[in-house]
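Have a look at the picture first, then read on.

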Amino acid sequence: MLYRVSEAGDNEQSIPNGTQFHASSFLLLGIPGLENMHIWIGFSFCAVHLIALTGNFTILFVIPTEHSLHQPMFYFLAMLATIDLGLSTATIPKMLGIFWFSLREITFDACLTLMFFIHIFTGMESVVLLAMAYDHYVAICNPLHYSKILTNKVVSLIAFLVIERSFICVFPFVFLILRLPLCGNHVIPHTYCEHMGLARLACASIKVNIIYGLATITILGFDIMAIALSYVQILHAVFHLPSREARLKSLSTCGSHVCVMLTFYTPALFSFMTHRFGLNVPRYIHILLANLYVVIPPMLNPVIYGVRTKQIQARVIRIFVQNKK
């Protein structure tokens, strides 16, 4: 008996009797080429994880308890902190297990689950960054109607869209992997499971996976373009403000958001470009870049907003002062 695997226009391939359609487990290698540095990389990632947990939990504690922070901008920040906690928790513990204890094995179901959550949190972060750009656009370009445009109902609708769009885009990845016979090499040269890393283990055509993967990246590209357009309008409005103080205050407010976007999109785009076109780039560079955009933003986002947002600073200082008393 043979399983027949075929794609339109592709040669049919056969899986011999007795071969599992899906492997029961995989081996995650970590960062190939840097095995001797795994322990030290693990210490760095552990520090990043602790900062991410502390910073994001602080934001999620401060925003609900400080009445002055009950504004759309801070609601979006709370969404971002929640997503960052999920992204950091989904990736770093497994990485530390690989780096420190050589716990490389992962079951097929666990790998598929990890892939789903990493991609959905990444997609959700992109939508929230777009929503935050829209918030800044309305606040600066249409301040008189800000409270009428960004009502609590609208913010709730945006929160629903963050989840819905990400789920609709990412859920097909699960079925695209399940349909493939993963009968090839069961070793994944990475620190976590991701869609194309799993698809490349298949002994069948992955053309559909490649096309759909490019389509989802295109959606992220639209997010980036929409954010860029909103900031073109914002800068145009800022430089037409009458007072220098107002211009500096507006630029300072936008600066933190721009820093957050750069920490997320820059390594993500570099990772994609080297993955697709950097044939001569060492594999460990690919893996490090892929790690950066899931590890660094959850750490930097609360630090950037905590440092640049006076209301959050003041609330945190009050908490420490009260605790000392």
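Helices here are DSSP runs of H or I with at least four residues, strands are runs of E with at least two, and both are numbered from the N terminus. Keep in mind that this is a predicted model, so to speak: local features need pLDDT of at least 70, side-chain atom pairs count only at pLDDT 80 or more, and totals for chains, interfaces and linings use all residues. Residues are numbered from 1 along each chain as its sequence is written, and side-chain values use heavy atoms, with hydrogens and water left out.

**Aromatic rings**

- Rings of Phe, Tyr and Trp (its six-membered ring) pair up if their centres lie within 6.5 Å; planes under 30 degrees apart count as stacked, over 60 as edge-to-face, and the rest as tilted.
- By this rule, the count is 14 aromatic pairs.
- One of them is the tilted pair of Trp-40 and Phe-43, with 5.8 Å centre to centre and 40° between the planes.
- Trp-40 and Phe-43 both sit in helix H1 (residues 38–65), three residues apart, which is about one turn of the helix.
- For accessibility, buried means under 20% relative accessible area, exposed means over 50%, and partly exposed is in between (1.4 Å probe, protein chains only).
- Trp-40 has a relative accessible area of 60%, so it's exposed, while Phe-43 is at 47% and counts as partly exposed.
- Phe-167 and Phe-171 make a stacked pair, with 4.9 Å centre to centre and 15° between the planes.
- Phe-167 and Phe-171 are four residues apart in helix H5, so about one helical turn separates them.
- Phe-167 is partly exposed at 37% relative accessible area, and Phe-171 is also partly exposed, at 32%.
- Ring pairs also link up into a cluster made of Phe-116, Phe-117, Phe-121, Phe-167, Phe-171 and Phe-175.

- Two packed helices are described by the angle between their axes and the distance between the axes.
- The axes are lines fitted to C-alpha atoms, for helices over the stretch in contact, and the angles run from 0 to 180 degrees between N-to-C directions.
- H2 (residues 72–101) and H5 (residues 152–178) pack at about 20°, with axes 10 Å apart.
- That angle makes H2 roughly parallel to H5 (under 35 degrees is roughly parallel, over 145 roughly antiparallel, 65 to 115 roughly perpendicular, and the rest oblique).
- H2 passes H5 in a right-handed crossing; a crossing is right-handed if the near helix is turned clockwise from the far one by less than a right angle, and left-handed if anticlockwise.
- Contact means heavy atoms within 4.5 Å, and here H2 brings Pro-72, Tyr-75, Phe-76, Met-79 and Ile-83, while H5 brings Asn-152, Val-155, Ile-158, Ala-159 and Val-162.
- Sorted by class, the contact of H2 with H5 has nine nonpolar residues, one polar and no charged ones.
- In that sorting, Ala, Val, Leu, Ile, Met, Phe, Trp, Tyr, Cys and Pro count as nonpolar, Asp, Glu, Lys and Arg as charged, and the others, Gly among them, as polar.

**How helix H2 packs against H3**

- H2 and H3 (residues 108–141) pack at about 160°, with axes 9 Å apart.
- That makes H2 roughly antiparallel to H3, and the crossing of H2 past H3 is left-handed.
- Residues of H2 in this contact include Phe-76, Leu-80 and Leu-87, and those of H3 include Leu-114, Phe-121 and Met-132.
- By class, the contact of H2 with H3 has 17 nonpolar, four polar and three charged residues.

- Val-138 lies in H3, and at 2% relative accessibility it counts as buried.
- Leaving aside neighbours within four places in sequence, Val-138 is in contact with Pro-143, Tyr-146, Ile-149 and Leu-150.
- Not counting residues up to four places away in sequence, Leu-130 touches Asp-223, Ala-226 and Ile-227.
- Ser-230 lies in H7 (residues 207–238) and is buried at 11% relative accessibility.
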